[in-house]
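Welcome! Have a look at the sequence and the 3D view below, and keep both at hand while you read this short briefing.

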Amino acid sequence: MRSRFVLSQTFKGLINNKAMAASVSLVTFVSLLFVGAAALLQTQISHLRADWYSQVEVSVFMCAANDATEPCAGNEATDEQIKAIDTALTTEPLASQVERYEFETKEEAFANYREQMGDSVWRDTVTADQMQVSFRVKLHDPEKYQVLVEDLGNRPGVQSVYDQREQIEPVFATLNRFTAIAGGLAAVMILTALLLIPTTIRLSAMSRRNETGIMRYVGASNFFIELPFILEGIIASLVGAIFAVGGLWLAAKFLLEDWISQSLPWIRVIGVNEALQVAPWLLIGSVVVSGLASWIALRRYARV
């Protein structure tokens, strides 16, 4: 009987204040949608970083013929200088850092250049003799590429030591900015929800002040009096959270899995599984935040 009474009072309050309850649900939906999007975007960045870093190589370019750059001064790397680099990669301290490496000859570099240029007018402007030999080094830990730079960068015959991470780090930086923007918008919307939920609960409590006064007169506990109002905030917020989870599921299914994943098959794109992993935290978060906000509103303002 007590549970039935609490539930009846809860739904009575939701019906009487349906506009404010709908506002709480909408604000919760938008805020948790941004929170979920930020979480999924960060998960995607982590996947991309792990996948791309596993393929990252450090390129050690040797001086080419007539190379006028300062390290080379027009002198092509000699066989002895090339052999010295090969020896350095197979002995300590570099050997323990190197997972594998490949040596690219002039002819191989020329063939790769022509393939990359395709039908461009620049395709036939260079010859194989003008290309430079290089070493493609795969490290056990790509984060320690600086070890190669410090050891090989100043050796005779080395033009430059190039880390492929320089190409992908700007991409990650841009994606992290999008995550920060989504997180900032989510914080603003959550703050709005925290201000709106107590207002809704206060209005509901004040509209039923006579009823709560009678309940207190007959000896009802504070918890029993406050519980229907707290449940109002939780239910309104939970509805918004459910819609946010549904929105993330739809985006993960149709936008990420069915479209982007099919368009970019070489990228491991997150999908429904990752969205479902985020969902419980969004639902729990909505219940905890709305419950606390409602309880604080009753304690500080409504004085039921």
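Glutamate 108 sits in helix α4, which covers residues 106–117. In this predicted model, glutamate 108 has a relative accessibility of 40%, so it counts as partly exposed. Along with Glu102, Glu107 and Asp129, Glu108 forms a negative surface patch.

**The chain as a whole**

- The chain contains nine helices and four strands.
- Of the 304 residues in the chain, 38% are buried.

**Strand β3 and its neighbours**

- How many of the six residues of strand β3 are buried? Five of them are, so this strand, residues 134–139, is largely enclosed by the rest of the structure.
- Strand β1 (residues 58–62) pairs with β3 in the antiparallel sense, over four bridges.
- To find this pairing in the 3D view, look for valine 60, whose bridge partner in β3 is phenylalanine 135.
- Strand β2 (residues 98–104) also runs antiparallel to β3, and six bridges join the two.
- Here you can look for valine 98, which has leucine 139 as its bridge partner in β3.
- As a general rule, side chains in a regular strand alternate between the two faces of the sheet.

**Salt bridges**

- Side chains of opposite charge can pair when their charged atoms come close.
- Lysine 106 counts as buried because its relative accessibility is 18%, whereas glutamate 76 is partly exposed, with a relative accessible area of 33%.
- Glutamate 104 forms another salt bridge, with arginine 136, and their closest N and O atoms are 2.8 Å apart.
- Because glutamate 104 lies in strand β2 and arginine 136 in strand β3, this pair ties together parts that are 32 residues apart in sequence.
- Glutamate 104 is buried, with a relative accessible area of 11%.
- Arginine 155 and aspartate 151 also meet through their side chains in a salt bridge, at 3.0 Å, N to O.
- Are these two buried or partly exposed? Arginine 155 is partly exposed at 29% relative accessibility, and aspartate 151 is partly exposed with a relative accessible area of 24%.

Notes
Residues numbered from 1 in each chain as written. Predicted model: local features only at pLDDT ≥ 70, side-chain atom pairs only at ≥ 80, totals over all residues. Heavy atoms only, no water. Buried < 20%, exposed > 50% of the residue type's maximum accessible area, 1.4 Å probe, protein only. Pairing = 2+ DSSP bridges. Patch = residues over 30% accessible without salt bridge, like charges linked within 9 Å, V, L, I, M, F, W, Y side chains within 5 Å. Areas by Shrake-Rupley, 256 points an atom, 1.4 Å probe, with all protein chains shown as cover. Salt bridge = Lys/Arg side-chain N within 4 Å of Asp/Glu carboxyl O. Lys, Arg positive; Asp, Glu negative; His and termini not counted. Charge placed at Lys NZ, Arg CZ, Asp CG, Glu CD.
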